[in-house]
Amino acid sequence: MRYVCPICGYIYDEAAEGVPFDSLPDSWACPMCGAPKLMFEPEAAPEPPKPAAAPAALDDDLQQLSAGALAALCSNLARGCEKQYKEEEAALFRQIADFYTAAAPAAEKPSLEDLAALFRDDLDSGYPGLTAAAQAAGDRGTQRVCVWGEKVTRMLYTLLDRYQREGEAFLAGTQVWVCSVCGFVYIGGTPPAICPVCKVPAWKFDKIEGRRPA
């Protein structure tokens, strides 16, 4: 039996390792990305290719976005422009993002439980809905964004759960690293050699400074 990490794709092969997956301790984690054992899933049989779907009709049901959502959107667009070496466009999107960030009202009594609920909602309905719409429209770019985003969100949800259980001790004597390309968060003394999600090298990771001492 083989078990797959949903974050980086690492495969634990019981036949090759000589140890049943269920016999591994609960503290065992993915050697590539650090995802906990409980996130691993049995490897599924490959699905046959699906016929291409007809392009979906445009939806004219527009949604008004909050200032915070617009700030996040423009920030992501700025990062996308950076990756395409369009510095002028990136600078403009950053200016717009800063404007909406300043205009966004402060969250009322934010809590870790509220953040966990937002992560859970994205995983349960947000990404599945967006992925289905992208597949129906044949939008491969959006499908790729969904794959990366869902993996990053799953890891963030796992790290938040661990932080809720262990508190500041979880971060004692270690570092927090964030992939500047996909946003993957890694906890460890040094960043991974390759990002488990988007496969960029370690120098693309930024070390998060200024954390409160544990």
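Which residue of strand 6 does Cys 179 stand opposite? Phe 205.

Before the details, the ground rules. This is a predicted model, so local features need pLDDT of at least 70, side-chain atom pairs count only at pLDDT 80 or more, and totals for chains, interfaces and linings use all residues. Numbering starts from 1 along each chain as its sequence is written, and side-chain values use heavy atoms, with hydrogens and water left out.

Now the sheet. It is open, with three strands in the order 5-4-6 and antiparallel pairing. Strands are DSSP runs of E, at least two residues; helices are runs of H or I, at least four; both are numbered from the N terminus. Strands pair if DSSP finds at least two bridges between them. Strand 5 and strand 6 (205-207) are the edges; each has a single partner strand, so one side of each lacks a neighbour in the sheet. Strands 4 and 6 pair over three bridges.

Next, the largest nonpolar core. That means buried Ala, Val, Leu, Ile, Met, Phe, Trp, Tyr and Cys residues joined through side-chain atoms within 4.5 Å. The core has 30 residues, and Ile 7, Phe 184 and Cys 195 touch the most other members. Helix 5, strand 4 (176-179) and strand 5 (185-187) each give at least two residues to this core. Leaving aside neighbours within four places in sequence, Ile 7 has contacts (heavy atoms within 4.5 Å) that include Met 155, Phe 184 and Val 197.

Last, Thr 153, in helix 5 (residues 140-166). Why does Thr 153 count as buried? Because its relative accessibility is 7%, and buried means under 20% relative accessible area (1.4 Å probe, protein chains only).

Note on methods. Buried means under 20% relative accessible area, exposed over 50%, partly exposed in between (1.4 Å probe, protein chains only).
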